[in-house]
Structures are given as C-alpha cells and as structure tokens.
Amino acid sequence: MAKFAEIAVPVPVFQLYTYEIPESFQSKIVPGSRVLVPLGKRKMTGYVITTKDECPRSDLKPIHDLLDQSPVISDELIRLAQWISEYYICPLGEVIRAMLPGGINLETKTKIELIASPERIEEYLQTHHAPRQKKILEHLQKQKSSALVQLRRKFRGAQLYDAIDKLVAAGLVSRKVAISDALVKPKTEIWVRIHPDFEQEEKFQHLFDSLEKKAPSQAMCLHYIFSKKTVAQRNVLKELRISSAAINALVKKGFIEKYEREIFRSYFQLDSHGKPPLFTLSEYQTRAIFHISDAISKGDYKTFLVHGVTGSGKTQVYIEALKKIRKLGKTGIVLVPEISLTPQTVRRFAQNFPGQIAVLHSRMSPGERYDSWRKLQNGELTIAIGARSAVFAPLKNLGLIIVDEEHEPSYKQYDSRPLYHARDVAVYRGLLNKAVVILGSATPSLESYYNAKAGKFHLLELPKRIDDVPMPVVKIVNMLQERKERPKQKVDIFSSALQEKMKEKIQRGEQIILLQNRRGFSTYIKCKDCGHVEKCENCDITLTYHAKGNFLQCHYCHYTKRAPSVCPKCGGNDILFRGIGTQRVEEEIHKLFPEFKVVRMDMDTTSRKRSHHQILSDFARKKYQILLGTQMVAKGLDFQNVTLVGVISADTSLLLPDFRSTERTFQLLTQVAGRAGRKELLGEVIIQTYSPDNSGLKFAQYHDFKGFFLSELPVRKELNYPPFGRLAYILFSGEKEQRVQDTAMRFFSHLRFPPQYGDIYGPLPSPLSRLKGKYRWQIIVKFNKKQDPGGKILHEQLKSALQSFKAEKRLYLVKIQIDIDPISLL
C-alpha cells in the first residue's frame, strides 16, 4: 500500500505537493481521489495524481481527510488534464477543478470578528499610530465581522496580515478558521413505506380494521401508503390533504417507516418526448454514416469533419453514429454551442435515446449539473449533451465525441483558467480513448477545413439539403444607395425591400426571423451641442441606451445609470441616440406594422430561467409572427413556417479590428440564412449593409463556403495567421495603469526565442484598454508552424518566461493571462 501521494491543488503554481497518507487511508487513496490537505495556514481540496511507497523527505504533512468513497477523476481524465495543463499553460490543479462540477470543493475560510468595545478601540488607537489597523477597525465597526478574503480585496498590500496579527494580539479582534461546506450535495426527500411486519395482506387488513374506528385519518393514510408500496411523504400530504401529524403518529406506532430517497434534479423534462420521427437518409448521409460506422467498428481514433449546408441532415448523421456506439456498449458526448442547446435539440436526441441522456449547460442550477455529472460517472446515463464543459463528462468506455457547429467561438473558454478550446480538447480526448470524433458545421473554421484538406481530418460532405429543398435566395441591399433613392425619408433600420417582403410573408401566414446582433435601443447617446458621449466609468467603451427602463448600461461590466434628460457636461437638451439595438428595431416594427406580433430574444429577455425556451416554444406555436434577436436566433433553430430572414445590419461584426471579423460575419450570415425555407416553403434572405463589396458578404450571398475559404486563405498565409501561424495572446490587467504597463514591459524582457521562430508584437495597450475597472495591456506572439509544428518551443518559452517573471516576486497586483490559440485579439 502506498504511503505518499503527489497532489495537485487548485492554486496558480506549476507543481505537485507531496503528502503523507495516514495509515487509515492507505488502502483507499488512489490516483483520482479527492482529498482535503493543509496548504500553508489553509486546508484545501486537492486531487491525487500519483501515489508512491517511498519519499526521501521526513517533514511531510499528512492528508487531512478523504472526501469521496471512490475516485472522482479517472486515469484517462488525469492524462487529459495533464495535456491541457501543458498546452494551455495552466496549473494542473486549476485544470482538474474546471473539469469537476462547481461547488463540490472544500476549503478553509478565515473570518475576522470584532470583539472589543468602542471604548477599548478608541483607547488603542490613541496609543498606537497604525493607519492600516485603524481602517480595518473602522470597517469591522460597520460590518461586525468580515471574511479574510473580503478584507484582502478591500485593503490590498503586504501589511494586511501583520496588521490583523497585531489586532488579534491586542484582543480587539478574533480570527476564526472553519472548513466551508460544499455548496452542492445530493438532494433527498422523505419517503414512507409500510413496516415489513405488516406487508402481508392479512396482517395489514387486521391493522387497518383496528385503526379505522379509532383514528380514521391515520387509517386512510395507512391504506394509501399500502396501495402505493412506497411513496413520497409530500405526495401523501397533497393527495389526502392531511397534516404530517397522521404520518408521524403511524411512524411512532411502528406501522410505517420513513426513509430518505435521492432526487434527480433535471433542467429538461426528458421523459415525455415520444418516438422519433422516421427519416429516409439521403445518398450523402448514407455515405457519411458508412465511413463513420466503419471507423467505430475498427475501434481506432479518427476525426471526421462533416461539412454540410444548413438543413442537410447533420444531426441525423450524429444520431446514427451514436446508435452504432451504443450497440457496442460504448458511451458518447455531444457538444453544442450554449445558445443552440434548445429543447428542440435535446428532444431530438432524447427521442432516440430514452433514459440515456444527461444535459450539462450553464443555465442549470449547480445541483442539476451535479446530479447529471454523478449519473454519468456511475454509468446510469451514457450520453452527455452540453456546451463546452461537457467535453469533461466523466464517461467510461468513451467511443464517440461530436462537436456540432465546431466553428463557434463559444467553445473557447475566455473568462477563467484554463483557457481551453473544447473542440481541440475533444480531438485530444478522442485520441486518448481511441474514439471517433465528429466535427460538424455548415461553415467550418478555416483551421478545421484546412486540416481536413491537409489530411489531418477526414472530410465528409453533405452538399444538399434534405429532400433537395433549395437554398434560400439571398439579396444584399446597399443601405447607402437606399438612402440616396429615398432622400426625404429616414432610412436607418428597414429598407423598402425588407419592408415589402415582411408584409408579403405575414399576409401569407408565414413567419419571419430578424437578426440584429446588438442588444439595447441605441449603442450610444451623444450631445449635439458639445459632442459629449456617455461612457462607462469602469470600461473604455460607450454605454448602451435601453429604452425600457430608460437606463444606460455597459455590456461588459454591467455598470448601469439612469439616462440623462440633459447633457451632464454642458446642460444641453439636444441628445442624439446613435446606433441600432434590438429594442430600437422592435419599436420600429411596432410603428411600421402595429398589427404584427413580434417577440424579442436577447440577453435582456432571456435572463430568467427557461425564458429562452419559452420564447422559442411560443414562436413554434405561431403565437408570434416575427422572432427578432441577436445571434441567439441564428443557430440551431428549425421552424418549418419561417420563409424570410432579415439581417438589419451585416456591418456589426464586420468592422471589428480582428483578423477573424470577415470569417465570423460570413459564418453568422450563412447560419442565419439557413433558418429560412424548409420542405415546400421556399426561403428568402435580405441582408442590409453599408459594405456591399465585402468578400464575406458576397460569398454568403451564394452560400459559397469553398469560395470564401480559397479567398481568405492567401490573406492568412501572407500575415502568418492561423492555420499557418500559431498565436499566443498575453493580457496584463490591473487597477493602476502604470503598474500594468511596467509589468508588461518586464514580462516582455523575459521572452527570448530566435527571430526565425516568429514575431512579438507589443507590449501595447489592448484595443479595449480598460474593462471592469482594470487597465489592459497586451503582448501578441506569432509563431511559425513550420519552425515549431507542435507548438512545443512556444509553450516552453512562455512557461519559462512566466516562471522567471514570478521568481522576481514583483507582480504588483497585476493579473497575467496567457491565451494559447486565442479566437479574438481584442
């Protein structure tokens, strides 16, 4: 039995910690176990990576506790975590924490509590010149007590702990340390059943007869429980309309038993979706399924890129592949973009795999996610469907991973470490498990399509829609020309062509989807007299005006203020509302077409739980004629009655200073155009733009992905952008701009590699130079893939620079974030 364990702790340190395994745990602790360990003055959750029998050190601390009866991380997931740690330059403990459902880790929390009287505090401050201690005491006099982590945020600096030590020594405050409870646990409820002594019919009847006259409510309750065998206590109380006193009396007499039963918390109702519809597979679907099934049967790793136009039946290909792996007793993962994880999507899979589906996505409560995760881990459920984090689903015997809409930027983690890309993690996890990976899209990323053309992936084409339904006809409207032709009219939202088509479709009883990829009413407000523009006080961007509620909001940090009626700078009352958001489009629809019923779907209308699904359900039932929204309406929707898609402004993403802006615009327009037309109802698309000559728009007009690919590729090659170059984006952020700049400069001095490997750009202020109260500087590293095919040299250099820089111990409260293969450079 092993006596020592190498443990990863979720702290920003690139090392494992060795602990002694207490004798009582030596037969239980194995790689993948979750344990509670001391780290400095804290106790934290750690993850056992390896165990060993010998260790030369004699001063090791023992593991404090074992948190689970069985390992929470499999050997396979440990290997995956190690690869993510190396590739994305993120400490292993932080990677494993991200793999597990949130809220299950334990950690010590330190609480500082004021215990002295006001007189005693006043006396202390008069005899001690201690500004920092004074500030802490003033804060605690208002709050009475405060978590140490809150004090650390409020009173930054190295003297904080020394000041608290002195206050504790003086008897003014106390320091209490306790291990916090896990935020999520299995949920249980009380059930009742007949005591085994009275389960036989004859004995029960005798008991019932003796109770019926003495305690009729108890007898009624007893009879109900006997008829159900076992039943939830809440159902007994609800059905019989009695109090819990009758149940408690029966328990006390020994006639029934209470026990706890675990409840499975589910976001989607997966039990009542009926049988799947019958499909006749197309020639292209049949061919794709043949190749995929052959790879599954051989049990070898292989990645397929399924490039299929919108409506070509990619989902049915996924389902047939899942059927194949389930027949072989293997499990599967289906990744879909967060905004595409609709009831429509889930229902399609649940119909084909009843009782086998677990859903994982961010709108679920922590408890719902935890229950789904545990059912996947123990094998009760065998197919995981979810957004990017579902790539870590704890499935055994994994045979298939599907990444639908593989081009979607939402597969890239951007707000917390590790900054992984779920598509690339899926490919590597498939390699570890000798599983088949399917990447699917109507508009694949240039990197994936290039990999397929280069032979790294196997390309499968679905060039036609199901039943040979024609692709929608796309018309591009030049809004500059529109303004010239209608000089006396205000033309900024609806062109005459779009207005006419909207009238025509509604009169026919058909439905419309309108896309404006910007929420709010106006993107900014400006004083006509002095030119003042309202900006966020935390970010270097303009505030968006929201007509409902009459407020201005920052869509990055959510700073909110009332919209001014006069200019706060000069007092002028001539205020312009510039830019177009979804609220303004909605208002314009009501003005032009007051009889049309419109529903808006953006972050403002879908903030409540299940509101997103309710809107789509109402639109499917034809409660509304027009669905207006941001990019939420562009993905994964299939409404048979939608025959017109209108894009209010194609320029929203086109003008961003990012090398992927044209590609993203092409993808978004092609995807939203695909929502129009199904079966016998032909689709039409109208795209409004001030940049009609843009190549991305022209290729989107003819649904020409290959043409776009061949046009964009030489540009990428000339500038050494992906797929030819490898990028790393290093972001520095902090509250003091000079500190941020100095930190970026010092970090830059640690970056050393021969010039033939690539180029370094920066340090420079980020395009979004201030967000959420933090100043931002950046360094961009562009490496040549020919010189460093696997990126090993780049990763080694960046990790070395980071460790050398940290060794200086001069971070000055500046956060450093390294993003490998970034999807945006903003």
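**Figure 1. Helix α21 and the lining of the largest cavity in the predicted model.** Helix α21, residues 661–673, gives the most to this lining, with three residues. The cavity holds about 60 Å³ of space. Its lining is made up of L515, N517, V647, S649, A650, T652, S653, T665, L668 and L669. Sorted by class, five of these residues are nonpolar, five are polar and none is charged. Rolling a probe the size of a water molecule over the atoms shows where empty space is left. The count of cavities of 30 Å³ or more comes to three.

**Figure 2. Strand β21 and the second largest cavity.** The volume of the second largest cavity is about 40 Å³. Strand β21, residues 524–527, supplies the largest share of the lining, three residues. The residues that line the second largest cavity are I525, K526, C527, H532, V533, E534, P564, C567, P568 and I575. By class, this lining divides into seven nonpolar residues, one polar residue and two charged residues.

**Figure 3. Packing of helix α11 against helix α12.** Helix α11 covers residues 283–298, and helix α12 covers residues 314–327. Their axes lie 10 Å apart, and the helices pack at an angle of about 30°. Angles under 35 degrees count as roughly parallel, and α11 and α12 are therefore roughly parallel to each other. The crossing in which α11 passes α12 is right-handed. On the α11 side, the contact involves Q285, A288, I289, I292, S293, I296 and S297. These meet Q316, V317, E320, A321, K324 and I325 in α12. The contact of α11 with α12 has seven nonpolar, four polar and two charged residues.

**Figure 4. Crossing of helix α16 and helix α23.** Helix α16 runs over residues 446–453, and helix α23 over residues 705–719. The two axes come within 11 Å and cross at roughly 95°. An angle of 65 to 115 degrees counts as roughly perpendicular, so α16 is roughly perpendicular to α23. From α16, the residues in contact are L446, E447, Y449 and Y450. From α23, they are F705, K706, F708, F709, E712, L713 and R716. By class, the contact of α16 with α23 has seven nonpolar, no polar and four charged residues.

Note on methods:
Residues are numbered from 1 along each chain as its sequence is written. This is a predicted model: local features need pLDDT of at least 70, side-chain atom pairs count only at pLDDT 80 or more; totals for chains, interfaces and linings use all residues. Side-chain values use heavy atoms; hydrogens and water are left out. Axes are lines fitted to C-alpha atoms, for helices over the stretch in contact, and angles run from 0 to 180 degrees between N-to-C directions. Helices (H or I, at least four residues) and strands (E, at least two) are DSSP runs, numbered from the N terminus. Angles under 35 degrees count as roughly parallel, over 145 as roughly antiparallel, 65 to 115 as roughly perpendicular and the rest as oblique. A crossing is left-handed if the near helix is turned anticlockwise from the far one by less than a right angle, and right-handed if clockwise. Contact means heavy atoms within 4.5 Å. Ala, Val, Leu, Ile, Met, Phe, Trp, Tyr, Cys and Pro count as nonpolar, Asp, Glu, Lys and Arg as charged, and the others, Gly among them, as polar. On a 1 Å grid over the protein atoms alone, a cavity is a set of points where a 1.4 Å probe fits but cannot get out, and a pocket is an open set with protein on both sides within 12 Å along at least five of seven lines; lining residues have an atom within 4 Å of a point. Grid points are joined across faces, edges and corners, and a volume is the space filled by probe spheres set on the points.
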